[in-house]
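Please look over the protein shown below.

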Amino acid sequence: MAVQCQDEDFTIGFWVKKLTKESTDYFWRTTLSTGSDKVQFSWNADGGITFRINGSNTDHDIASTTDITDGEWHFVVGRLASRQCNYG
């Protein structure tokens, strides 16, 4: 059975530490077993992070509103539950 982003609930969490603001295409991405579904995190120009899911039927993304490029460690969590992106 292939896992598809829009059908399965999941949570991804990790620690991150950054000093400079810059916009990136992505700094972490994985392709799921369908080959077209992707889960990724990218830096925003304002120092926040965007969590994005490119699914076979729909795309979801959510951006943080907090600048975390302060040189301190931050725990970032991205979650898909009931086909809605959550960010924490």
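Strands β2 and β3 (residues 38-43) pair in the antiparallel sense over four bridges. Within this pairing, Trp28 has Phe41 in β3 as its bridge partner. Two strands count as paired if DSSP finds at least two bridges between them. The strands themselves are DSSP runs of E with at least two residues; helices are runs of H or I with at least four residues, and numbering starts at the N terminus.

This is a predicted model, in which local features need pLDDT of at least 70 and side-chain atom pairs count only at pLDDT 80 or more, while totals for chains, interfaces and linings use all residues. Residues are numbered from 1 along each chain as its sequence is written, and side-chain values use heavy atoms, with hydrogens and water left out.

**The sheet**

β3 also pairs with β4 (residues 49-54), again antiparallel, over six bridges. Lys38 stands opposite Asn54 in β4. β3 and β4 form a hairpin. Five residues lie between the two strands, and Gly47 in the turn has a positive phi of about 95°. On the next pairing, β4 and β5 are joined in the antiparallel sense over five bridges. There, Phe51 has Ile62 in β5 as its bridge partner.

Together, four strands form an open sheet in the order β2-β3-β4-β5, with antiparallel pairing. The edge strands are β2 (28-31) and β5 (59-63), and each pairs on one side only. On average, neighbouring strands of this sheet are turned by 10° against each other, direction ignored.

**The whole chain**

How many helices and strands does the protein have? The secondary structure comes to zero helices and seven strands. From the N terminus on, the elements run β-β-β-β-β-β-β.

Of the 88 residues, 34% count as buried. Buried means under 20% relative accessible area, exposed means over 50%, and partly exposed lies in between (1.4 Å probe, protein chains only). The protein exposes about 5200 Å², and carbon and sulfur atoms supply 46% of this area. The areas come from the Shrake-Rupley method with a 1.4 Å probe.

Contacts are heavy atoms within 4.5 Å. Among contacts between residues at least 6 apart in sequence, 50% join residues at least 24 apart.

**Charged pairs**

Side chains of opposite charge can pair when their charged atoms come close. A salt bridge here is a side-chain nitrogen of Lys or Arg within 4 Å of a carboxyl oxygen of Asp or Glu. By this rule the count comes to three salt bridges.

| Salt bridge | N to O distance |
|---|---|
| Lys18 and Glu22 | 2.5 Å |
| Lys21 and Asp67 | 2.9 Å |
| Arg52 and Asp61 | 3.2 Å |

Lys18 is buried, at 13% relative accessible area.

Lys21 forms a salt bridge with Asp67. Lys21 lies in the loop between β1 and β2, and Asp67 in the loop between β5 and β6 (74-81), so the pair ties together parts that are 46 residues apart in sequence. Lys21 is partly exposed, with a relative accessible area of 48%. Asp67 is also partly exposed, at 33%.

In the pair of Arg52 and Asp61, Arg52 is partly exposed at 28% relative accessibility. Asp61 counts as partly exposed at 46%.

**Val16**

Is Val16 buried or exposed? At 10% relative accessibility, Val16 counts as buried. Val16 sits in strand β1 (residues 10-16). Leaving aside neighbours within four places in sequence, Val16 is in contact with Trp43, Ile49, Ile68, Glu72, Trp73, His74 and Val76. One of these, Glu72, is 56 residues away along the chain, with its C-alpha atom 8.2 Å from that of Val16.

**Confidence**

pLDDT is the predictor's confidence in each residue, from 0 to 100. The mean for the protein is 78, and 75% of its residues reach 70 or more. Confidence is highest in β1, at a mean of 88, and lowest in strand β7 (residues 84-87), at 50. Over residues 1-6 the pLDDT is below 50. Beyond near neighbours in sequence, this stretch has 27 contacts in the model.

How values were computed:
Axes fitted to C-alpha atoms, helices over the stretch in contact; angles between N-to-C directions.
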